[in-house]
Amino acid sequence: MKLNNNVLFFFLFTICLTTVNSQNKIIRVAVYDDNGGGGRGSDNVELSLSDDTTFFTKRVSADEIRLGVLNTFDVVVQAGGSGSKQAKTLEESGVDSIRQFVNRGGGYLGICAGAYLSTVEYRWSLGILNATVIDREHWNRGGGVVKIRLTPKGKLFFNATEDTISLNYNQGPLLAQADKPNLQAYQELAVFETEIAENGALEGIMVGLTAIAQGEFGEGRVIAISPHPEKSPELQYMISTSVKWCAKRDRAD
C-alpha cells in the first residue's frame with residue numbers, strides 16, 4: 001500500500017513525538033490551528049507555554065485531529081475564534097476524536113470559542129463539560145476589560161494573592177451549571193465581577209456567572225475559560241497552570 005507524503009509525515013511525526021516524550025516526560029500540547037481558531041490566539045497560547053523544559057506545543061489541523069494525532073498528546077487547546085466554525089471544520093469525526101481523547105484520559109483547555117465548544121449547549125458542542133450558556137441571543141455582547149473574582153478554590157488553584165483579576169474579554173460564554181445526568185457538576189474557579197452589555201445585551205446578567213469552570217469527562221480533565229488571560233503576559237500563568245492540571249501533572253484539588 002502506498003502512502004502519500006502528508007500521511008507518511010504524520011505517522012513519522014507521531015512515532016518521533018512518542019519517543020521524545022517517553023524520554024523527557026514533558027507535557028505534549030496540541031494547539032488547534034484551523035478555521036475558526038488559530039492565528040493570534042494560538043500564538044498567545046504558545047507564549048503562555050514557552051517553558052520548553054515543561055511543555056512541547058504543536059499546531060494541529062482539523063484533518064490531523066481526524067487522523068488521530070491527539071493520541072500522541074496529553075492536552076488539546078481550543079482557543080479563541082468561533083466555536084461553531086471550529087466544530088464545522090472538525091466535522092463530526094473530529095469532534096468525536098476530541099471527545100474520545102478526553103474520555104480516555106486526555107486533557108482539554110477551551111478558551112472563549114473553545115469554552116463554547118466544551119459545553120452541552122449546542123448541537124455541535126463536544127458535551128464534555130456539564131455547562132450551559134446563558135443569554136445565547138446576545139453572544140455578541142462586545143469586548144473590553146472586565147474583572148473576574150476567583151472563588152476560594154480558584155484562588156488556591158492559581159496560587160493567587162488577590163481575589164479579583166482584570167483581563168480582556170471578547171464575547172466569551174456566560175457559563176452556568178447544566179443538568180446532564182451523565183456528567184458531573186463542574187467546579188467554579190472564577191465568576192464575572194463586572195460586565196459588558198453592548199449590542200442589545202441586557203445589563204445585570206453577566207455578573208456572578210461562571211468565568212472559569214473546571215470539570216471531568218470520563219478519565220479526562222476539562223477547563224473552560226471565557227475571557228482571555230493568554231492576552232496579558234502577566235496572566236499567562238493561568239494558561240500554564242490549567243494545562244498542567246488538565247495533563248494530570250498537578251494533582252492539587
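Trainee: Which residues lie nearest the centre of the largest pocket?
Mentor: Gly 81, Ser 82, Gly 83, Ala 113 and Tyr 116, out of 20 lining residues. A pocket here is an open set of points on a 1 Å grid over the protein atoms alone, where a 1.4 Å probe fits, with protein on both sides within 12 Å along at least five of seven lines; lining residues have an atom within 4 Å of a point. Keep in mind that this is a predicted model, where local features need pLDDT of at least 70, side-chain atom pairs count only at pLDDT 80 or more, and totals for chains, interfaces and linings use all residues. Residues are numbered from 1 along each chain as its sequence is written, and side-chain values use heavy atoms, without hydrogens and water.

Trainee: And which element gives the largest share of that lining?
Mentor: Helix H2, with three residues. Helices are DSSP runs of H or I with at least four residues, and strands are E runs of at least two, numbered from the N terminus.

Trainee: Switching topic, how many helices and strands does the chain have?
Mentor: Seven helices and eleven strands.

Trainee: What share of the residues is buried?
Mentor: Buried residues, those under 20% relative accessible area with a 1.4 Å probe and protein chains only, make up 53% of the 253 in the chain.

Note on methods. Buried means under 20% relative accessible area, exposed over 50%, partly exposed in between (1.4 Å probe, protein chains only).
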